[in-house]
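Subject: Structure handover

Hello,

Here is the structure I promised to pass on. My notes follow below it.

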Amino acid sequence: VNGIPLIGQTHKEVVSVLKELPVQVYLVCCRIVPPSVHDSDEEANDDVCLSLKELLAEFNDKLDHGCVIPCPTAEDITKRGVPPMSPPLAMWEKEAQVVELEKGELGLGFSILDYQDPEDASKTVLIIRSLVPGGVADQDGRLLPGDRLMFVNETDLEGSSLDYAVHVLKSTEYGPVHIGVAKPLP
């Protein structure tokens with residue numbers, strides 16, 4: 001974004017960069033596009049298809065030489081295409097940290113979402129989506145959006161559905177609740 005590379009940054013670092021941007025913003029985005037099926041009569045596309053690594057190297061090289069990179073048009077993206085990326089390495093620490101929160105009438109003060117597991121596209125992981133301002137988790141300060149939810153008390157949530165995890169969180173008794181989270185890697 002605006003020439004600042006965000007690949008490998010934590011959620012918190014990306015949010016910090018995005019909050020400091022001026023009114024005019026240039027984004028370079030990438031998404032996995034399924035391969036298109038060409039008719040047999042259609043000519044083969046003669047355009048060179050660059051890998052994401054090559055595109056980033058080209059982008060960084062231009063930045064190093066002081067070039068202003070214009071925002072690519074939809075036509076540019078369609079012409080070049082983006083090849084599927086290999087799965088990235090794990091995005092969270094291996095070991096879970098345990099955070100004890102005191103659940104009251106207003107709950108634990110955070111919401112969760114399910115997210116495609118970067119190590120296995122057929123699975124999902126549970127992520128802390130947001131904190132309720134002034135809620136238990138927000139006041140405690142140890143849970144952050146982007147943390148991976150691993151367990152609640154004695155219930156392992158690794159590989160579980162979002163519905164099941166919500167049920168577990170809502171059904172815990174008032175009082176101390178042990179939340180296991182894996183922190184994002186830097």
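Start with the charged pairs. The structure holds 3 salt bridges. I count a salt bridge when a side-chain nitrogen of Lys or Arg is within 4 Å of a carboxyl oxygen of Asp or Glu.

Before the details, some ground rules. This is a predicted model, in which local features need pLDDT of at least 70, side-chain atom pairs count only at pLDDT 80 or more, and totals for chains, interfaces and linings use all residues. Residues are numbered from 1 along each chain as its sequence is written, and side-chain values use heavy atoms, with hydrogens and water left out.

Salt bridges

Asp147 and Lys183 join through their side chains, with 2.6 Å from N to O. This pair links distant parts of the chain, 36 residues apart: Asp147 sits in the loop between α4 (136-140) and β4, Lys183 in the segment after β6. Helices (H or I, at least four residues) and strands (E, at least two) are DSSP runs, numbered from the N terminus. Both Asp147 and Lys183 are buried. Buried means under 20% relative accessible area, exposed over 50%, and partly exposed in between (1.4 Å probe, protein chains only).

Glu158 bridges to Arg148, and their closest N and O atoms are 3.8 Å apart. Again the pair links distant parts of the chain: Glu158 lies in the loop between β5 (155-156) and α5, Arg148 in strand β4, 10 residues apart. Glu158 is partly exposed at 49%. Arg148 is buried at 12%.

Asp140 pairs with Arg142, with 2.8 Å between the closest N and O atoms. Asp140 is partly exposed, at 31% relative accessibility. Arg142 is partly exposed too, at 39%.

Nonpolar cores

The largest nonpolar core has 19 residues. Such a core is a set of buried Ala, Val, Leu, Ile, Met, Phe, Trp, Tyr and Cys residues joined through side-chain atoms within 4.5 Å. The residues with the most contacts inside it are Leu101, Phe110, Leu143, Leu149, Val152, Leu169 and Ile179. At least two core residues come from each of β1 (97-103), β2 (110-116), β3 (124-131), β4 (148-152), α5 (162-171) and β6 (175-182). Apart from this core lies another, of 5 residues, among them Trp92, Ile127, Met150 and Ala182.

Ile179 is worth a look. Not counting residues up to four places away in sequence, Ile179 touches Gln97, Val98, Val99, Leu101, Leu108, Phe110, Leu143, Leu149, Phe151, Val152 and Leu169. Contact here means heavy atoms within 4.5 Å.

Gly180

Gly180 is found in strand β6. Gly180 is buried, with a relative accessible area of 0%. With residues up to four places away in sequence left out, Gly180 touches Ala96, Gln97, Arg148, Leu149, Met150 and Phe151. Between the C-alpha atoms of Gly180 and Asp156 there are 8.9 Å, and the two residues are 24 apart along the chain.

Aromatic pair

The structure holds 1 aromatic pair. Trp92 and Tyr115 form it edge-to-face, 6.3 Å centre to centre, with 90° between the planes. Rings of Phe, Tyr and Trp (its six-membered ring) pair if their centres lie within 6.5 Å; planes under 30 degrees apart count as stacked, over 60 as edge-to-face and the rest as tilted. Trp92 is in the loop between α3 (74-80) and β1, Tyr115 in strand β2, 23 residues apart. Trp92 is buried at 8% relative accessibility, whereas Tyr115 is partly exposed at 38%.

Best wishes
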